Amino acid sequence: MRINLTKIAIISIATLTSCDLLNPKPETSRIYEDGYFVTNEGNFGQANGSISFVNKAGVVENDVFAITNSFPLGDVVQSMSIIDNKSYILVNGSGKIEVTDIDSMTSITTIDVSGPRYIAKVDNSKAYVTDWGINGVYVIDLNTNEIISTISTGTGPEAIAVSDGYAFICNIGGWGLDNTVSVIDISSDAVISNLEVGEKPNSAVVDINGDVWVLTGGYTEYDAYWNVVSETSGNLVKISNNSIVSTFTFSVGNHPENLVINKDGNTLYYSDGSWSKAVFSFNISDTSLSNNPLINKNFYGLASDENYIYGSDAVDFSQNGWSFKYNSEGILIDSVQVGIIPGGYCFN
């Protein structure tokens with residue numbers, strides 16, 4: 001019997017095509033651009049931290065890391081930064097940094113650390129990671145994504161600002177108390193000074209002139225019945241040429257936090273207030289703190305990008321939270337629902 005190979009080939013191709021239509025191949029890459037990421041801490045001890053992506057149209061995709069890589073991020077997603085087309089996701093409770101391709105969120109490697117908080121690129125080949133577990137900074141080789149050394153700082157190193165060859169590390173105190181910013185010479189990885197800025201420095205930014213601004217929250221001491229025993233004020237501190245040049249003091253009991261800066265590098269935003277915090281602005285040429293809030297809403301996390309202001313609401317710290325977007329005048333533009341306990345932002 002003569003076999004018609006052409007017919008068999010056609011039938012085979014048709015069969016395969018039909019199977020593909022019925023059982024399409026899973027998507028192997030996801031492109032995350034023209035939008036922003038939200039880091040969702042998740043519930044402590046439940047390993048349900050996640051990353052949400054919000055595109056320009058305001059469409060949200062939750063759990064983008066887990067969807068792409070088929071395993072969860074882990075316990076308490078603290079922060080995320082983009083360095084050289086890679087994302088570095090710091091998972092505090094799980095003691096690790098997940099490194100991914102920024103376009104697809106595909107996992108590249110995992111860096112085991114202790115209790116990571118924030119990461120910043122400090123030169124072409126290395127980054128610093130603050131870590132409460134070592135009361136210091138890990139030095140990461142960006143070519144290999146390996147730890148090459150550590151630097152001891154103050155207690156509970158938190159935010160990082162980088163300017164003119166130096167890294168400024170806010171020592172918030174962790175579970176204790178500290179009032180210093182450690183200044184590190186990036187070329188030698190050595191601490192050259194510890195500037196006393198006020199109790200619990202929590203955030204820092206660099207302005208258009210290269211000056212560093214640090215926000216401190218102040219400290220409250222309680223007795224066994226949660227009565228206030230003593231309290232110190234928060235400060236907004238300007239550092240120029242590695243020295244403190246200005247200090248603006250807040251009312252005792254307000255505990256300001258979440259200092260960020262606009263795209264132009266001349267306007268600061270922060271949360272302040274004794275109970276229900278509001279968002280205030282401060283121009284770097286101002287001579288006093290404002291009493292008039294820009295946005296009269298309490299946020300868990302705060303960010304600024306492209307002259308927009310973003311604030312996250314953790315709601316009751318158990319259900320999915322929200323992200324709000326405002327213009328520079330403090331007018332609400334958009335709000336979207338994201339993951340559980342949204343605490344930070346990352347812009348690409």
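Are D211 and K238 buried or exposed? D211 is buried, and K238 is buried too. Buried stands for under 20% relative accessible area, exposed for over 50%, and partly exposed for the range in between (1.4 Å probe, protein chains only).

1. Basis. This is a predicted model, in which local features need pLDDT of at least 70, side-chain atom pairs count only at pLDDT 80 or more, and totals for chains, interfaces and linings use all residues. Residues are numbered from 1 along each chain as its sequence is written, and side-chain values use heavy atoms, with hydrogens and water left out.

2. Salt bridges overall. Side chains of opposite charge can pair when their charged atoms come close. The whole structure holds seven salt bridges. The term covers a side-chain nitrogen of Lys or Arg within 4 Å of a carboxyl oxygen of Asp or Glu.

3. D211 and K238. These two form a salt bridge, with the closest N and O atoms 3.8 Å apart. D211 lies in the loop between β16 (201-206) and β17 (212-216) and K238 in strand β20 (residues 235-240), so the pair ties together parts that are 27 residues apart in sequence. Strands are DSSP runs (E, at least two residues), numbered from the N terminus.

4. E98 and K96. Here the closest N and O atoms of the salt bridge are 2.8 Å apart. Both E98 and K96 are buried.

5. D313 and K297. This salt bridge has its closest N and O atoms 3.7 Å apart. It links distant parts of the chain, 16 residues apart: D313 sits in strand β26 (residues 308-313), K297 in the loop between β24 (278-283) and β25 (301-305). D313 is partly exposed, at 21% relative accessible area. K297 is partly exposed as well, at 25%.

Note on methods
Helix = DSSP H or I, 4+ residues; strand = E, 2+ residues; numbered from the N terminus.
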